[in-house]
Amino acid sequence: QVQLVESGGGLVQPGGSLRLSCAASGIIFSINTMGWYRQAPGKQRELVATVTSGGSTNYADSVKGRFTISRDNAKATVYLQMNSLKPEDTAVYYCNADLITLSRSHYIYWGQGTQVTVSS
């Protein structure tokens with residue numbers, strides 16, 4: 001019953017901004033590292049950013065200075081603020097989370113993805 005649901009994707013012009021959200025639901029005892037990945041057409045899925053339970057962040061070189069990852073444990077939600085978007089940011093964005101749940105320990109869950117398209 002545990003699932004991650006992304007929202008906030010859409011079409012935006014170059015230089016614009018979007019804020020993605022990913023909320024976890026279900027019986028969850030602990031939320032560990034959460035992150036965002038993306039997959040463009042014809043490309044393999046790549047890491048965008050991660051944030052640990054202690055607040056440490058890590059970003060792909062391609063998004064440093066433009067994207068910010070954050071989390072709200074009370075809402076079991078991870079966010080990705082994307083600024084100065086470029087056409088090469090176009091991809092399906094997936095959130096993931098290392099969770100301890102009723103049935104599993106330290107299992108990596110994935111959302112279904114949300115489309116981000118950057119185009120004039």
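Predicted model: local features only at pLDDT ≥ 70, side-chain atom pairs only at ≥ 80, totals over all residues.
## Arg-38, a buried charge

Arg-38 is found in strand E4. Is Arg-38 buried or exposed? With a relative accessible area of 5%, Arg-38 falls under the 20% limit and so counts as buried.

Two polar contacts involve the Arg-38 side chain. One of them, at 2.9 Å, joins it to the side chain of Tyr-93. The other reaches the side chain of Ser-62, at 3.4 Å. Leaving aside neighbours within four places in sequence, Arg-38 is in contact with Gln-44, Arg-45, Glu-46 and Val-48, with Ser-62, Val-63 and Phe-67, and with Glu-88, Asp-89, Ala-91, Val-92 and Tyr-93.

## The nonpolar core

Now to the largest nonpolar core, which has 31 residues. Which of these residues touch the most other members? They are Trp-36, Leu-80, Met-82 and Tyr-93. Seven strands each supply at least two residues of this core: E3 (18-25), E4 (28-39), E5 (46-51), E7 (67-72), E8 (77-82), E9 (91-101) and E11 (114-118). The most comes from E9, which gives 5 residues. As background, nonpolar side chains in soluble globular proteins tend to be buried together.

Not counting residues up to four places away in sequence, Tyr-93 touches Trp-36, Leu-80 and Met-82, and its other partners are Glu-6, Leu-20, Tyr-37, Arg-38, Val-48, Phe-67, Gly-113, Thr-114 and Val-116.

## One disulfide

How many disulfides are there? The count comes to 1, and this disulfide joins Cys-22 to Cys-95, with the sulfur atoms 1.8 Å apart. Cys-22 lies in strand E3 and Cys-95 in strand E9, so the pair ties together parts that are 73 residues apart in sequence. The torsion about the S-S bond is about 45°, which means that the disulfide is right-handed. Both cysteines, Cys-22 and Cys-95, are buried.

## Strands with two faces

Follow the side chains along E7 and you will see them alternate. E7 runs antiparallel to E8, and 6 bridges join them. What stands opposite Phe-67 in E8? That residue is Met-82, which is also one of the core residues touching the most other members. The hairpin of E7 and E8 has 4 residues between the strands, and Ala-76 takes a positive phi near 50° there.

Strand E1 (residues 3-7) also has two faces: Leu-4 and Glu-6 form the covered one, and Gln-3, Val-5 and Ser-7 the uncovered one. Glu-6, on the covered face, is among the residues that Tyr-93 touches. E1 pairs with E3 in the antiparallel sense, over 5 bridges. Within this pairing, Gln-3 has Ser-25 of E3 as its bridge partner.

## Aromatic pairs

The model holds 2 aromatic pairs. One of them is formed by Tyr-107 and Tyr-109: the ring centres are 4.9 Å apart and the planes meet at 70°, so the pair is edge-to-face. How do its two members compare in burial? Tyr-109 is buried, with a relative accessible area of 12%, while Tyr-107, at 35% relative accessibility, counts as partly exposed.

Definitions and conventions
Residues numbered from 1 in each chain as written. Heavy atoms only, no water. Core = buried A, V, L, I, M, F, W, Y, C linked by side-chain atoms within 4.5 Å. Buried < 20%, exposed > 50% of the residue type's maximum accessible area, 1.4 Å probe, protein only. Contact = heavy atoms within 4.5 Å. Pairing = 2+ DSSP bridges. Disulfide = S-S within 2.5 Å. Polar contact = N/O pair within 3.5 Å; in protein donor to acceptor, adjacent residues only side chain to side chain. Phe/Tyr/Trp six-rings, centres within 6.5 Å; stacked < 30°, edge-to-face > 60°.
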